[in-house]
Amino acid sequence: AQSLLAIINDILDFSKIEAGKLKMESIPFQLNEVLANLDTIIAINAQEKDLQIIIDTQADVPTFLVGDPLRFGQILLNLASNAVKFTEAGKITIKTEVSEEQGDQIILKVTVSDTGIGLTGEQIKKLFQSFTQADTSTTRKFGGTGLGLTISQKLVEMMGGEIWVESEPGVGSSFIFTVRFGRAEKSMV
């Protein structure tokens, strides 16, 4: 039931994005709440595989931001869930840092790294295509719709950023993205 719900939600989000009907919110939120929610959600699957989850927020990252916390969390969840899915041993690291400051705006850089199976250059080229996965064999070990990364890419772009991958087969992968947020005052949240 959960898998079917996830597939339906992916298809609905993808359809909204393609139709230009997905709207971004711009509300005050706390970054640590979004990261704590992410940690809670992925912790169960990570514990089943004995994976360590590391949340690394650099000291200069503002706690209070203005943007769309739900969609930001969705990007994080897509990337972190993939990291857990494709990692059998080791750790998943979610690092946030300020890439750039522009007045009351910041460009937040997020890196989701794993010690998983990694990707070849050919696989990386196909990753952000709709309904496509790196492993196209009919008996593939890993499921999914092939929409999570496409949706994440579109959301990142809607948030004024970009997304890319650095990977090496057998060593692991890093999915890196930037997003633009405003700064919020504590009293706004």
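1. Ring pairs join F29, F72, F177 and F181 into a cluster. Rings of Phe, Tyr and Trp (its six-membered ring) pair if their centres lie within 6.5 Å; planes under 30 degrees apart count as stacked, over 60 as edge-to-face, and the rest as tilted.

2. The model is predicted: local features need pLDDT of at least 70, side-chain atom pairs count only at pLDDT 80 or more, and totals for chains, interfaces and linings use all residues. Residues are numbered from 1 along each chain as its sequence is written, and side-chain values use heavy atoms, with hydrogens and water left out.

3. By the ring rule, the count is 3 aromatic pairs. F72 and F181 have ring centres 5.2 Å apart and planes at 85 degrees, so this pair is edge-to-face. The pair links distant parts of the chain, as F72 lies in helix α3 and F181 in strand β7, 109 residues apart. Helices (H or I, at least four residues) and strands (E, at least two) are DSSP runs, numbered from the N terminus. Both F72 and F181 are buried. Buried means under 20% relative accessible area, exposed over 50%, and partly exposed in between (1.4 Å probe, protein chains only).

4. How much of strand β7 is buried? In β7 (residues 172–183), 10 of the 12 residues are buried, so the strand is largely enclosed by the rest of the structure.

5. Strand β7 has several pairing partners, where two strands pair if DSSP finds at least two bridges between them. Strand β5 (residues 105–114) runs antiparallel to β7 and is joined to β7 by 9 bridges; here T111 stands opposite I176. Strand β6 (residues 163–168) pairs with β7 in the antiparallel sense over 6 bridges, with E168 opposite G172. Strand β3 (residues 64–67) is also antiparallel to β7, over 2 bridges, and L65 faces R183 across that pairing.

6. The hairpin of β6 and β7 has 3 residues between the strands. In this hairpin, G170 takes a positive phi near 80 degrees.

7. Helix α3 spans residues 69–85 and contains N78. Is N78 buried or exposed? N78 has a relative accessible area of 15%, so N78 is buried. Leaving aside residues up to four places away in sequence, N78 touches G148 and S152, where contact means heavy atoms within 4.5 Å.
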